[in-house]
Each structure stands twice: as C-alpha cells, then as structure tokens.
Amino acid sequence: MTALFAFTPAETAAILLSLKVAWWAMVWSVPFGLAAAFLLARGRFRGLSLINAAVHLPLVLPPVVTGYVLLLLFGRRGPLGMFFAEHLGIVFAFRWTGAALASAVMGFPLMVRAMRLSLEAVDRRLEAAAGTLGANPLWVLVTVTLPLMLPGIVAGMILSFARALGEFGATITFVSNIPGETQTLPTAIYMLTQVPGGDAAALRLTAVSIVVAMLALFASEAAARRAAARLAS
Amino acid sequence: MLHVAVAHRFGDFALDAAFSGGDGLTVLFGRSGAGKTSLINAIAGLIRPQRGHIAVGDAVLTDTERGIFVPPHKRRIGYVFQEGRLFPHLTVRQNLLYGRWFAPRSRDRGEFGQVVELLGIGGLLARRPATLSGGEKQRVAIGRALLSRPRLLVMDEPLASLDEARKAEILPYIERLRDETRVPIVYVSHSIPEVARLATTLVVMSEGRVAAIGPPEAVMSRLDLFPLTGRAEAGAILNAVVAGHDAEFGLTRLAAGGGELRVPRLGLAPGAAVRVRIRARDVMIALTPPTGLSALNILPGTVAEVAPDGGGPIVQLRLDCAGEALIARLTRRSVETLGLVPGKRVYAVIKSIAFDQHALAVPGPGGADADTRPG
C-alpha cells in the first residue's frame with residue numbers, strides 16, 4: 001500500500017506542475033475574462049457576435065487545432081511568440097508557461113460564460129443608485145458591480161482551474177510532453193499507459209487527479225454557497 | 001431654489017414641462033404615464049433631455065443650449081427610488097454610509113446618529129437588506145440618500161409599493177424630513193392623501209406637461225383640475241387650528257373655515273396648525289342650518305363656483321367658507337332642486353368620520369401659507 005503511494009520524483013513533479021499550470025492559467029484569465037464578459041454583456045457595436053464566436057471557439061474546435069494555432073502564433077517563430085520573447089522576455093514554446101497559456105485558452109470560454117451570466121444578472125438600477133450617491137463609474141464597478149458578480153467570478157475561476165487540470169490535446173500539441181517542464185498529470189498518465197509496466201504509476205496519478213478534482217468541486221460548492229448566502233441573508 | 005425646464009421625446013411620449021420649486025416639499029402629482037418619473041430622472045441626470053435647463057440653487061446641472069450636462073455622480077441629488085434599491089451585498093450601516101465616501105466632508109460628526117434617529121433605524125444597522133420589511137427598506141433608502149449630503153432630495157413614489165400600515169409608518173418620517181432638514185424635496189406621487197399631508201407646493205402633471213402649480217390648498221380646490229386630481233378622491237384642503245379637546249367623546253375641535261370641525265382626537269396642543277383634507281363626496285349641502293342631524297360639522301359659506309361635469313349627473317361645487325375653499329360633489333338634480341348658483345348662502349355638512357388618518361396632517365413651516373398662490 002505504501003509502495004502504491006510512494007511517488008517517484010517525476011510523478012511528484014507532474015503533480016506540482018499541473019497545479020502550478022492550472023493556477024497561473026486561472027489567475028491570468030481573470031482580467032481578460034472580466035473584460036470579455038463586460039464586452040459581451042454590455043457592448044453595443046457591430047462585430048460583437050464575431051467576438052462572441054472567437055471567445056467560444058476553443059470550446060468547439062478540436063483541442064489539437066487550438067494547440068496547433070497556438071504553436072503557429074506563439075511558437076519561437078510565431079509573430080506573437082517573437083513579440084513576447086523580445087519585449088517581455090516570456091517564452092511559451094516548450095515551456096510550462098506555454099502549458100499555462102494553452103490551459104488558459106481552453107478554459108477561457110467557460111470562465112467568460114460564468115462571468116457574463118452573473119454580470120447580466122446584476123441589477124443595473126443598483127448601479128444607477130450608486131451613481132446618484134456620488135460614486136463615479138469606476139467606483140460603481142468596484143463597490144457594486146464586481147461584488148454582485150462575485151459568485152459568477154468564483155465559479156468561472158474554478159471552472160477554468162478544473163479545465164486546466166484536465167487539459168491534454170492543446171497542451172501536448174503546443175508544448176509537447178517534457179518531464180519536469182511541460183509534463184502535466186494528463187500527459188504523464190497518457191505516457192505511462194503507453195509504456196510496459198506503467199500501470200501502477202498511471203493508477204497513482206489517476207487517483208491524484210480524482211482527489212484534486214473532487215477538492216476543486218467541493219471548494220466551488222462552498223464558495224458558491226457562501227456567496228449566495230451573503231446576498232440572501 | 002429649483003428650476004426645471006425639460007423637453008424630451010421618447011417614442012410616442014413627449015415630455016415638455018417646466019416648474020420652479022422652493023423650500024420644503026414639492027409634489028409632482030399625476031397619473032402613471034404623466035411624465036413625473038422622467039422629469040425627476042432628468043433632474044438626477046439619469047436621462048439626458050434633448051432640450052432643457054435644470055438648476056438647483058446656483059448650480060446649473062443641465063443646460064443643453066450651453067452644452068452643460070453634469071453627470072449623475074457629480075450632481076449631489078439624493079434619489080429615493082420606488083423599490084429602495086439598497087445594495088444587497090452590504091449591511092444597513094454600509095448602505096447608509098455608501099454616499100459618504102463621495103460626499104464633501106462635513107464638520108458635523110453627529111450627522112449619522114441624527115439621521116439614524118430621525119428615521120428610527122438604529123436597530124437595523126447590522127442587518128442585510130434582504131431581512132428588512134418594505135417599510136424598513138424605504139427608511140434606510142431615505143437615510144442613505146440623506147447621508148450623501150444632497151443639495152436636493154428626489155423621491156419617486158417611495159410609498160407606492162407598501163401597504164397602508166407601512167405607509168402610515170413612513171409618512172411621519174417624511175414629514176420630519178421636510179420640517180427638520182434644510183434639504184428641499186421633490187416628491188413624485190399619484191396619491192391625494194400624500195399630497196394633502198406632505199406638499200408645500202403642488203405640481204399637477206398630465207401627458208408630459210405641467211397642468212397647474214401652486215400651494216395644494218389652491219390647486220386642489222380648482223374645479224377645472226378635477227379630472228386630473230382624481231374625481232373620487234378629490235377634495236379641498238383646509239387650514240385649521242386646534243381649538244380644544246372634547247375629552248368625554250374623544251374628539252378634537254378645530255377652528256376652520258369660519259366654523260368649527262369635530263374630528264377624532266388628535267394628540268396636538270391647542271393652537272397647533274393642522275391641515276384637513278375634506279373629500280368632495282363627504283360634503284352635503286343644506287340651505288338652512290340643519291338640526292336633528294348626526295353629522296357634527298357644519299360650516300356656513302357661499303357658493304363660489306358650479307361646474308357641471310359635461311352634462312353628466314354629477315356636479316362639483318366650490319364653496320367659500322370664510323376665505324377657505326371647500327369642494328362638494330352633488331347630483332345635478334340636487335343642485336337644481338336647491339337652486340344652487342354662485343352667491344347663494346349655504347351650510348356645508350361633513351361627517352366627522354370622514355376625517356380618516358390620512359386626512360389630517362401637520363403642515364410644515366411655511367407649508368400652509370406659501371406665497372405663490374396663482375393670481
């Protein structure tokens with residue numbers, strides 16, 4: 001039994017890397033997700049449906065296609081990849097940052113959807129009331145709109161995190177499967193199932209995946225309950 | 001001093017209204033759809049009129065000719081909405097203090113306590129809006145608007161969503177607000193009892209226009225406005241003084257209109273001013289001083305105006321009772337039988353029971369005798 005849960009250094013690395021990738025994918029998605037949610041919920045201009053389609057594209061495209069597009073754009077010779085490497089010193093290709101980017105893109109539609117729904121549920125008359133009390137639009141956003149959206153923001157973050165933990169296709173296409181750098185739980189499990197004698201290790205990592213997923217779901221339930229209780233009582 | 005002139009067209013509806021209001025409480029009165037809420041939304045800056053000029057005191061808030069439009073958050077106009085609009089994620093205390101972050105600093109540190117005391121909401125501070133009753137929510141909403149230190153308070157039918165008991169609970173607070181704070185109030189209503197109780201100045205609106213403006217006593221006694229002031233509920237407003245109490249029968253005697261009215265006992269000292277609303281349908285007319293009658297109130301007067309209602313069976317009469325106007329609603333048949341024509345001496349008979357709770361109000365300072373009576 002102890003042998004079953006004695007992780008090898010490579011397995012530990014995959015677990016920690018998965019958590020790191022999912023965390024940063026979620027954190028970096030939040031500002032962009034909020035911006036997209038506001039644009040889609042409140043924007044009034046031509047081309048909005050085009051943006052809506054673009055945001056939802058990763059949901060319907062085969063993940064391999066998304067990964068390949070990321071490789072073309074953010075690879076070493078890709079236009080965006082060169083820009084980030086030159087000006088910001090960030091390299092995505094075959095790095096864990098690339099895995100985070102792929103996970104973030106794949107989870108983005110889910111996050112935007114949750115945030116947008118909660119924003120659409122915000123009573124705009126409350127925002128007008130805050131305005132009459134002297135709050136400028138930025139203060140209204142910070143003190144009324146965002147707090148009222150909080151359940152949706154939390155739900156979107158958890159969906160994004162969970163999606164990132166499970167991301168496989170886009171990640172392996174974009175940044176490959178390099179142990180210690182881009183090998184996350186799903187890619188590690190996939191590799192283990194492809195080699196003879198990898199069954200026990202695959203099972204261990206599968207168990208870890210299930211536990212982490214369950215914890216994320218419990219956390220999301222608890223957060224949603226607390227947020228709802230705060231508004232209702 | 002408030003000056004409002006607004007012209008705005010939304011689809012089929014055209015708002016084209018102008019009025020000036022002074023201190024105290026100005027009621028915008030009219031049916032739903034008359035443009036009352038649009039007008040105060042223009043005052044608060046929630047709609048931008050196509051043409052208009054809005055000024056409160058020295059501050060010009062909207063002037064389309066000069067291209068001035070002050071955004072709502074810089075207007076300092078406290079808005080009490082019909083549905084309260086408390087922030088559900090904040091406690092009552094946080095709701096009350098919300099506007100303070102943005103209001104100009106005050107030296108008066110006791111203000112919060114005063115407002116809380118004025119509105120009787122001290123026991124609610126730690127609670128969330130979802131746990132409050134409708135009446136409590138409205139009191140908190142009033143306090144929140146007041147604590148943002150507005151130069152003007154606008155209230156959009158703050159009692160409309162409440163039942164009679166809750167209305168009776170809040171009305172005294174609005175009276176205190178009118179009498180104890182120096183903030184002028186514009187109050188939207190379609191309720192005659194609220195007008196009679198609260199108004200310093202009455203603005204009657206109809207189809208986007210101002211139909212009449214003046215002290216409520218003068219406006220409510222105009223027969224030509226009856227279609228707008230609500231036939232069934234319409235009636236005159238009399239200014240009266242408490243003359244004494246009749247302890248044995250639990251009545252209060254009021255001196256009004258050249259006679260005496262007996263009303264269910266009021267908790268006021270002799271000499272106190274009272275405003276009495278007498279509905280036109282509660283007034284009977286006699287040619288001689290009646291005897292052997294259960295009604296306790298008989299005011300002598302003369303017929304001042306007879307307004308037949310388009311040849312229908314009902315006729316409105318305006319009586320002059322020692323300078324105060326009284327309105328009676330009779331059948332055309334009675335008017336002809338009694339030979340009621342202007343100048344005729346008559347006796348108005350009013351049942352004491354006609355004075356319900358909402359018919360009696362203490363007018364605010366300057367409320368009863370504002371000097372803007374139309375020519």
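In chain B, strand S3 (residues 25–29) and strand S9 (residues 185–189) run parallel and are joined by five bridges. The model is predicted.

**Sheet of chain B**

- Leu25(B) has Ile185(B) as its bridge partner in S9(B).
- The open sheet of chain B is formed by six strands, and its pairing is mixed.
- The strand order is S7-S8-S9-S3-S10-S11.
- Strand S7 (77–80) and strand S11 (209–214) of chain B each have a single partner strand, so one side of each is left without a neighbour in the sheet.
- On average, and with direction ignored, neighbouring strands of this sheet are turned by 20° against each other.
- Helix H4 (residues 134–147) of chain B packs on the sheet, where H4 touches S7 and strand S8 (152–156).
- The direction of H4(B) makes about 175° with that of S7(B).

**Helix pair of chain A**

- Helix H3 (residues 63–74) and helix H5 (residues 96–120) of chain A pack with their axes 11 Å apart, at an angle of about 130°.
- H3(A) and H5(A) are therefore oblique to each other.
- Their crossing, that of H3(A) and H5(A), is right-handed.
- On the H3(A) side, the contact involves Pro63(A), Thr66(A), Gly67(A), Leu70(A) and Phe74(A).
- These residues meet Gly98(A), Leu101(A), Ala102(A), Val105(A) and Met106(A) in H5(A).
- Of the residues in the contact of H3(A) with H5(A), seven are nonpolar, three are polar and none is charged.

Conventions
Residues numbered from 1 in each chain as written. Chains lettered and ligands numbered in written order. Predicted model: local features only at pLDDT ≥ 70, side-chain atom pairs only at ≥ 80, totals over all residues. Pairing = 2+ DSSP bridges. Helix = DSSP H or I, 4+ residues; strand = E, 2+ residues; numbered from the N terminus. Axes fitted to C-alpha atoms, helices over the stretch in contact; angles between N-to-C directions. Contact = placed C-beta atoms within 7 Å. Parallel < 35°, antiparallel > 145°, perpendicular 65-115°, else oblique. Left-handed = near helix turned anticlockwise from the far one by under 90°. Nonpolar A, V, L, I, M, F, W, Y, C, P; charged D, E, K, R; others polar.
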